[in-house]
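Open the model in your viewer and keep the sequence panel beside it. We will go from one selection to the next, and at each stop I will tell you what is there.

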Amino acid sequence: MQPTETLRNDHAVLRGKLMLLEGLLPLGRAAYFPLRDVAYSLTRRLRCHIEKEERLLLLMQQGAFPHPLAPVSALLDEHRDQRVTVALLLELVINGSTSSIDQIVLCASHLIDSLRGHMAREEAEIFPFVEQTMTRNQKMAAMQDMRAIAARYYPEGEPAPWPSDIDEHLVNEWSSPRHVVCAN
Ligand SMILES: [Fe+2]
Ligand SMILES: [Fe+2]
(Lines give C-alpha, C1' and ligand atoms only; values in the text may rest on other atoms or scores of the structure.)
(Ligands and ions follow the chains in the order given, each with its own letter.)
Protein backbone atom coordinates (compact mmCIF):
# COMPACT_ATOMS: atom_id res chain seq x y z
CA MET A 1 0.00 0.00 0.00
CA GLN A 2 1.21 3.51 -0.84
CA PRO A 3 1.52 6.08 1.98
CA THR A 4 -0.89 8.30 0.06
CA GLU A 5 -3.42 5.45 -0.06
CA THR A 6 -3.37 5.36 3.74
CA LEU A 7 -3.88 9.13 3.82
CA ARG A 8 -6.69 8.97 1.27
CA ASN A 9 -8.40 6.30 3.40
CA ASP A 10 -8.06 8.61 6.39
CA HIS A 11 -9.66 11.38 4.33
CA ALA A 12 -12.63 9.13 3.57
CA VAL A 13 -13.04 8.42 7.29
CA LEU A 14 -12.68 12.10 8.18
CA ARG A 15 -15.22 13.12 5.53
CA GLY A 16 -17.68 10.63 7.02
CA LYS A 17 -17.19 12.11 10.47
CA LEU A 18 -17.58 15.66 9.16
CA MET A 19 -20.81 14.63 7.45
CA LEU A 20 -22.08 13.17 10.70
CA LEU A 21 -21.06 16.28 12.62
CA GLU A 22 -22.77 18.50 10.05
CA GLY A 23 -25.94 16.42 10.33
CA LEU A 24 -26.02 16.79 14.13
CA LEU A 25 -25.61 20.58 14.24
CA PRO A 26 -29.22 21.47 13.31
CA LEU A 27 -30.45 19.31 16.20
CA GLY A 28 -29.02 21.83 18.66
CA ARG A 29 -29.05 21.02 22.36
CA ALA A 30 -30.81 17.71 21.76
CA ALA A 31 -27.61 16.42 20.15
CA TYR A 32 -25.09 17.25 22.91
CA PHE A 33 -24.24 13.64 23.70
CA PRO A 34 -23.71 12.41 20.13
CA LEU A 35 -21.86 15.66 19.37
CA ARG A 36 -19.50 14.85 22.20
CA ASP A 37 -18.86 11.35 20.84
CA VAL A 38 -18.30 12.60 17.31
CA ALA A 39 -16.02 15.42 18.47
CA TYR A 40 -13.96 12.94 20.47
CA SER A 41 -13.58 10.41 17.65
CA LEU A 42 -12.91 13.18 15.12
CA THR A 43 -10.22 14.68 17.35
CA ARG A 44 -8.36 11.41 17.74
CA ARG A 45 -8.61 10.52 14.07
CA LEU A 46 -7.59 14.00 12.88
CA ARG A 47 -4.59 14.24 15.22
CA CYS A 48 -3.40 10.82 14.11
CA HIS A 49 -3.87 11.72 10.45
CA ILE A 50 -2.03 15.03 10.77
CA GLU A 51 0.90 13.33 12.44
CA LYS A 52 1.14 10.72 9.67
CA GLU A 53 0.88 13.38 7.00
CA GLU A 54 3.48 15.63 8.59
CA ARG A 55 5.88 12.70 8.68
CA LEU A 56 5.50 12.49 4.91
CA LEU A 57 5.80 16.25 4.45
CA LEU A 58 8.95 16.19 6.55
CA LEU A 59 10.46 13.64 4.17
CA MET A 60 9.66 15.99 1.32
CA GLN A 61 11.19 18.96 3.10
CA GLN A 62 14.35 17.06 3.96
CA GLY A 63 15.37 17.42 0.36
CA ALA A 64 14.30 14.05 -0.90
CA PHE A 65 11.83 15.80 -3.20
CA PRO A 66 12.29 19.06 -5.08
CA HIS A 67 8.74 20.20 -4.31
CA PRO A 68 8.29 23.96 -3.89
CA LEU A 69 7.91 24.56 -0.17
CA ALA A 70 5.18 27.20 -0.30
CA PRO A 71 2.21 24.79 -0.54
CA VAL A 72 3.75 22.60 2.15
CA SER A 73 4.17 25.44 4.63
CA ALA A 74 0.57 26.54 3.94
CA LEU A 75 -0.59 23.00 4.76
CA LEU A 76 1.39 23.02 8.01
CA ASP A 77 -0.27 26.32 8.99
CA GLU A 78 -3.66 24.77 8.26
CA HIS A 79 -2.79 21.74 10.40
CA ARG A 80 -2.04 24.08 13.29
CA ASP A 81 -5.41 25.75 12.83
CA GLN A 82 -7.16 22.36 12.66
CA ARG A 83 -5.51 21.19 15.88
CA VAL A 84 -6.62 24.34 17.71
CA THR A 85 -10.16 24.26 16.27
CA VAL A 86 -10.80 20.61 17.03
CA ALA A 87 -9.48 21.08 20.59
CA LEU A 88 -11.81 24.05 21.04
CA LEU A 89 -14.76 22.08 19.66
CA LEU A 90 -14.06 19.24 22.06
CA GLU A 91 -13.83 21.67 24.98
CA LEU A 92 -17.12 23.31 23.98
CA VAL A 93 -19.03 20.04 23.72
CA ILE A 94 -17.51 18.65 26.93
CA ASN A 95 -18.74 21.74 28.76
CA GLY A 96 -22.21 20.60 27.72
CA SER A 97 -24.98 22.78 28.95
CA THR A 98 -22.72 25.72 29.78
CA SER A 99 -21.58 25.99 26.16
CA SER A 100 -23.69 27.96 23.78
CA ILE A 101 -24.88 25.91 20.85
CA ASP A 102 -24.08 28.95 18.67
CA GLN A 103 -20.42 28.71 19.63
CA ILE A 104 -20.39 25.00 18.86
CA VAL A 105 -22.02 25.56 15.46
CA LEU A 106 -19.56 28.35 14.62
CA CYS A 107 -16.54 26.30 15.60
CA ALA A 108 -17.76 23.08 13.95
CA SER A 109 -18.73 24.91 10.75
CA HIS A 110 -15.28 26.46 10.48
CA LEU A 111 -13.68 23.04 10.96
CA ILE A 112 -15.99 21.35 8.43
CA ASP A 113 -15.38 23.96 5.71
CA SER A 114 -11.66 24.36 6.21
CA LEU A 115 -10.92 20.64 6.54
CA ARG A 116 -12.89 19.76 3.40
CA GLY A 117 -10.99 22.38 1.37
CA HIS A 118 -7.68 21.32 2.87
CA MET A 119 -8.17 17.63 2.03
CA ALA A 120 -9.22 18.46 -1.53
CA ARG A 121 -6.04 20.54 -2.03
CA GLU A 122 -3.83 17.77 -0.64
CA GLU A 123 -5.43 15.25 -2.98
CA ALA A 124 -5.03 17.55 -5.98
CA GLU A 125 -1.60 19.07 -5.32
CA ILE A 126 0.44 17.01 -2.88
CA PHE A 127 -0.50 13.33 -3.11
CA PRO A 128 0.01 12.97 -6.90
CA PHE A 129 3.43 14.60 -6.53
CA VAL A 130 4.39 12.20 -3.72
CA GLU A 131 3.13 9.19 -5.68
CA GLN A 132 5.22 10.15 -8.70
CA THR A 133 8.47 11.10 -6.98
CA MET A 134 8.94 8.84 -3.94
CA THR A 135 11.10 5.79 -4.42
CA ARG A 136 9.88 2.36 -3.36
CA ASN A 137 12.21 2.38 -0.32
CA GLN A 138 11.03 5.84 0.74
CA LYS A 139 7.43 4.70 0.49
CA MET A 140 8.16 1.62 2.60
CA ALA A 141 9.92 3.72 5.23
CA ALA A 142 7.02 6.19 5.31
CA MET A 143 4.52 3.33 5.69
CA GLN A 144 6.49 1.94 8.63
CA ASP A 145 6.46 5.35 10.34
CA MET A 146 2.73 5.75 9.70
CA ARG A 147 1.96 2.34 11.20
CA ALA A 148 3.95 3.28 14.32
CA ILE A 149 2.03 6.58 14.62
CA ALA A 150 -1.34 4.80 14.20
CA ALA A 151 -0.38 2.25 16.86
CA ARG A 152 0.22 5.07 19.37
CA TYR A 153 -3.22 6.58 18.77
CA TYR A 154 -5.01 3.25 18.43
CA PRO A 155 -3.24 0.63 20.58
CA GLU A 156 -6.35 -1.51 20.14
CA GLY A 157 -5.90 -1.38 16.34
CA GLU A 158 -6.93 1.31 13.90
CA PRO A 159 -10.70 1.29 13.37
CA ALA A 160 -12.20 0.16 10.09
CA PRO A 161 -13.08 2.83 7.56
CA TRP A 162 -16.20 4.86 8.37
CA PRO A 163 -18.81 4.10 9.46
CA SER A 164 -17.22 2.57 12.51
CA ASP A 165 -19.44 0.84 15.05
CA ILE A 166 -19.93 3.95 17.14
CA ASP A 167 -20.69 6.15 14.14
CA GLU A 168 -23.05 3.59 12.67
CA HIS A 169 -24.83 3.47 16.00
CA LEU A 170 -25.08 7.27 16.07
CA VAL A 171 -26.34 7.50 12.51
CA ASN A 172 -29.06 4.93 13.20
CA GLU A 173 -29.95 6.45 16.53
CA TRP A 174 -30.07 10.06 15.40
CA SER A 175 -31.64 9.62 12.03
CA SER A 176 -34.65 7.88 13.53
CA PRO A 177 -38.01 9.72 13.30
CA ARG A 178 -38.14 9.84 17.13
CA HIS A 179 -35.13 12.16 17.24
CA VAL A 180 -36.25 14.26 14.33
CA VAL A 181 -39.42 14.92 16.28
CA CYS A 182 -37.38 15.76 19.42
CA ALA A 183 -35.17 18.13 17.46
CA ASN A 184 -38.13 20.05 16.22
FE1 LIG B 1 -3.48 17.70 6.08
FE1 LIG C 1 -4.83 15.03 4.92
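Start by selecting glutamate 123: here H4 bends by about 40 degrees, the bend being the angle between axes fitted to the seven residues ending there and the seven starting there. Before going on, please note that this is a predicted model, in which local features need pLDDT of at least 70 and side-chain atom pairs count only at pLDDT 80 or more, while totals for chains, interfaces and linings use all residues. Residues are numbered from 1 along each chain as its sequence is written, and chains are lettered from A and ligands numbered from 1 in the order in which they are written.

**The whole of H4**

Now extend the selection to residues 101-133. The 33 residues of helix H4 should span 48 Å at 1.5 Å a residue, and its end C-alpha atoms are 46 Å apart, which agrees. (The expected span is 1.5 Å times one less than the number of residues.) Buried positions in H4 include Ile104, Leu111, Met119 and Ile126; buried means that 20 or more other C-beta atoms, placed from the backbone, lie within 10 Å of the residue's own.

**Across to H1**

Next, select histidine 11, which sits in helix H1. Is histidine 11 buried or exposed? Histidine 11 is buried, because 21 other C-beta atoms lie within 10 Å. Leaving out residues up to four places away in sequence, histidine 11 touches Met119 and Glu123, where contact means C-beta atoms, placed from the backbone, within 7 Å. Glu123 is also where H4 bends.

**Zooming out**

Finally, show the whole protein as a cartoon: there are seven helices and zero strands, assigned as DSSP runs (H or I, at least four residues, for helices; E, at least two, for strands) and numbered from the N terminus. Of the 184 residues, 26% count as buried.

Terms used
A residue is buried if 20 or more other C-beta atoms lie within 10 Å of its own, exposed if 12 or fewer, and partly exposed in between; C-beta atoms are placed from the backbone. Two residues are in contact if their C-beta atoms, placed from the backbone, lie within 7 Å.
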